[in-house]
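Colleague: I would like to learn how to read a few features of a protein model. Please take them one at a time.

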Amino acid sequence: MRGHQRLWASDSVPDKTIARGTTSPGTESTFGEEFVEVTLDLQDDNTIVLRSVEPATVVNIPDDGEATPASSSRSSSIRRSSSNSRIRQFSQELKAEAVAKAKQFSQELKAELKRFSWSHGNASRVLAASSAIASQNNGGGAGSGYHDSALAARALRRQRAQLDRTRSGAQKALRGLRFISNCKSKSNGLDAWNEVESNFYKLAKDGNLYRADFAQCIGMKDSKEFALELFDALGRRRRLKVDKISKDELYEFWSQISDQSFDSRLQIFFDMVDKNEDGRITEEEVKEIIMLSACANKLSRLKEQAEEYAALIMEELDPERLGYIELWQLETLLLQKDTYLNYSQALSYTSQALSQNLQGLRRRSPIRRISSKCIYYLQENWKRLWVLTLWVCIMIGLFTWKFFQYKQKNSFQIMGYCLLTAKGAAETLKFNMALVLLPVCRNTITWLRNTRVGFVVPFDDNINFHKSIAAAIVIGVILHAGNHLACDFPRLIKVPESVYEEYLHDDFGTHKPTYLDLVKGAEGVTGILMVICMTIAFTLATKWFRRSLIKLPKPFNRLTGYNAFWYSHHLFVIVYALLIIHGVFLYLVHKWYLKTTWMYLSVPVLLYAGERILRVFRSGFSTVRLLKVAIYPGNVLTLQMSKPPQFKYKSGQYMFVQCPAVSPFEWHPFSITSAPGDDYLSVHIRQLGDWTQELKRVFSEACEPPLAGKSGLLRADETTKKSLPKLLIDGPYGAPAQDYRKYDVLLLVGLGIGATPFISILKDLLNNIVKMEEQADPLSDFSRNSDLSSGSTDSPNKLNPKRKKTLKTTNAYFYWVTREQGSFDWFKGVMNEVADQDQRGVIEMHNYLTSVYEEGDARSTLITMVQALNHAKNGVDIVSGTRVRTHFARPNWKKVFSKFCSKHYGARIGVFYCGAPVLAKELSKLCYEFNQKGPTKFEFHKEHF
């Protein structure tokens, strides 16, 4: 059984002195007795770590004084100062003492080994032998005798469990089994009770709180069934079976469930399960509490398998097969659940972590703090800053140039500074209307980001820059149109005829125009139409309309959603046509080469038009054949298709997808979830808008329920009778995640469907790991046979000149946070592949399910126990159905970053995030904080939806 470790105290303690206790049976050993060799670690805090248990080799000690090697060494030292009789006497005493201690320890160890019998074969053989002896002594298996021996074995296990309950274990348990999670957030127990008391007055009827309102009163309205069972258990403790309680009785109930004593909490939890109050829990009662916990945590699949997991708990806690478990056994399982988890934990780098934290805690002067913040800000944002500075300087230059140019014209004498402001804003508008197209020329950006330009230009922020330019256009339109319509036009029509003839005769004609003449002219009409179109496009592009955050009544609800955004944005075709016309018919400019609007727009418009034409041709040539379609829980559609030969991409990139059956015009971007080395393409699409909803409906009609052993709610492939809809693709396009290869250590964080770009990265890393291992085998064979090839001077690189470079990424950590248990089905196969094939431990995966109450909450305590037992026995997590452990609630990101600082001291870590903006701000802030503390540097990248 070498290799098994069990910590009886803390989870991780440094090795100190190793004591080997070896049973040495002598001549008194009888038939059927078996002894074991036990290796223990004796710690400084008086705790013991069991290192290994193995069958001992029997070494007899004859009466003539021949001793074991251990005794021989001691005897040789005594022989120099005593006679042979003294040696013989000492040998006999040593033998007797060793045999006695071995017998005693072996008997105590039997019960302990029984608990690990399902995973350790040697322990099973020891217990099987002892059971056989017990059966022989009972005369062939008398029922009463077996029952007595089972009771005796359980009593011995209980005694052993009491010894195992160390102080550290009890302290750890106090952090668990909380009935009121938010109680810890209150300043004291009185504040929590005041809130409960306030709820009582709101819910009480005739001075009593009814059972149905108990959950809402104590803050468990989301776990009503669990709260009702808690109400009944507390009532049974007072020998009451009532449907309502008074305020005093409520206070008594509250005092019990908020008690800080672990024993008190454990007794309440036990009473919830033990409904017949006999002090024993049967398998049926365990099944009921598992179903109750699963219901409280929205784990429907766990509820379906409650019977299986109840049997697992009984198998573990009732090895004597008495058919029930008691309070102390439940306590043992709770205190030692971390032993069963046995998950790989990060190594301890205490000194490095301490130095890094101390560096961050050193007091610095305000000037140094401000200067360090400024330096860090410049280091993180220098690419953005120089681009924005250049952009603003160009706009200021253009505005100033036109401002002073028109100040020299005769029209300034009539229209004043209103004209100068309008013309300066118009020049910036021409520049920005040309520039706004460049950030959405995705093919060009994808190509440029792979060149040296990518080192100085922040292409990851192309959409943010696009939005910034749009905001500048809005300001320019307000200044330009506002000054014309509200300022210089009124001043023009009010000017006397004599003054008009002197200054504006050549610009506006012989007759002074009216306000209506100015507005209904080509300049006015095109300007007003452009303002209307841009107002519609800008409004529907805001997040309130684009993400349907505003709920409008029918038929105005069609103005919200991605479709409205997509179609309204294509009004830019009309806007640019009007802009060119508007730039031709200018009042104050008459020479064609001075009308510069078309000069600004020509190159960007042609470039963008070329990209759209390229999409049409490329999507036509890149025909794909759908290989598999699956619909998973959480409204996720998976499309697996053939990969065109010319489609070359990197992990982390995305592509556009069009389904003519849904819309012949709309293209939508989705991250590629397949790896570049795969012979297919795949995307995972979650239903979030009207287009994705219709896409799911179209494919659902062609899908069928899956066959046995297949995942998904509905599936379809090439063998499906119904024909699958046609699909067009365009891409690939660059994204921030594609730069993951620049970092030695990766932290990949995905929220829900935001995990998609990182699945491709994980698969790519895994494929590279497998290739490296395959390449390592012939190289090792070459090195072993190099001595035999005396005349050969070929090196491994010459034998395989196309061999790829060694994988730079040494560690990748994937944190996936989701709300629904069914989400794990999306990438179950990938997670299992990584767990099976990543023998080097390059990839470490962490799943977090936020619908389950945090570890330590009484509503999830039993789930944690079952999870630990099942993973230890079967190697499968009960929540995700994979080999990756599922954590409950949200990650403590500060602890995650602290662990990275300790484990990868001084490393450059790439943090990639895809998901909601709220967490992006938190991760960015943590990167800043930990970058200030020490040499470990975090570089943050986020995806833009």
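Modeller: We will go through strands, surface, aromatic rings and charged pairs in turn. This is a predicted model, in which local features need pLDDT of at least 70, side-chain atom pairs count only at pLDDT 80 or more, and totals for chains, interfaces and linings use all residues. Residues are numbered from 1 along each chain as its sequence is written, and side-chain values use heavy atoms, with hydrogens and water left out.

Colleague: What is the order of the strands in the open sheet of four?

Modeller: Strands of a sheet pair through backbone hydrogen bonds, either parallel or antiparallel. Here the order is E11-E8-E7-E12, with antiparallel pairing. Strands (E, at least two residues) and helices (H or I, at least four) are DSSP runs, numbered from the N terminus, and two strands pair if DSSP finds at least two bridges between them. Strand E11 (680–686) and strand E12 (714–717) are at the edges with a single partner strand each, so one side of each has no neighbour in the sheet.

Colleague: How many bridges join E7 to E8?

Modeller: Six bridges link E7 (residues 626–632) and E8 (residues 636–642). Ile631 stands opposite Leu637 in E8.

Colleague: Is strand E13 largely enclosed or left open?

Modeller: Buried means under 20% relative accessible area, exposed over 50%, and partly exposed in between, with a 1.4 Å probe and protein chains only. Six of the six residues of E13 (residues 728–733) are buried, so the rest of the structure largely encloses this strand. E13 pairs with strand E9 (residues 654–658) in the antiparallel sense over four bridges, and Ile729 in E13 is the bridge partner of Val657.

Colleague: Which residues form the nonpolar patch on the surface?

Modeller: A nonpolar patch joins side chains of Val, Leu, Ile, Met, Phe, Trp or Tyr within 5 Å, from residues with over 30% relative accessible area and no salt bridge. This one consists of Ile580, Ile581, Val584, Phe585, Trp592, Tyr593, Leu594, Trp598 and Met599, with about 910 Å² of accessible area together; such areas come from the Shrake-Rupley method with a 1.4 Å probe. Helix H28 supplies the largest share, three residues. Ile580 lies in H28 and is partly exposed, at 39% relative accessible area.

Colleague: How many aromatic pairs does the structure hold?

Modeller: Rings of Phe, Tyr and Trp (its six-membered ring) pair if their centres lie within 6.5 Å; planes under 30 degrees apart count as stacked, over 60 as edge-to-face and the rest as tilted. The structure holds 32 such pairs. Phe403 and Phe404 make an edge-to-face pair, 5.5 Å centre to centre with 75° between the planes. Phe403 is buried at 17% relative accessible area, whereas Phe404 is partly exposed at 48%.

Colleague: How many salt bridges does a search of the whole structure find?

Modeller: Side chains of opposite charge can pair when their charged atoms come close. A salt bridge is a side-chain nitrogen of Lys or Arg within 4 Å of a carboxyl oxygen of Asp or Glu, and the search finds 21. In one of them, Glu197 meets Lys247, with the closest N and O atoms 2.4 Å apart. Glu197 lies in helix H6 (residues 189–203) and Lys247 in helix H9 (residues 247–257), so the pair ties together parts that are 50 residues apart in sequence. Glu197 is buried at 18% relative accessible area, while Lys247 is partly exposed at 27%.

Technical notes. Patches are made of residues with over 30% relative accessible area and no salt bridge: like charges are joined within 9 Å, nonpolar side chains (Val, Leu, Ile, Met, Phe, Trp, Tyr) within 5 Å.
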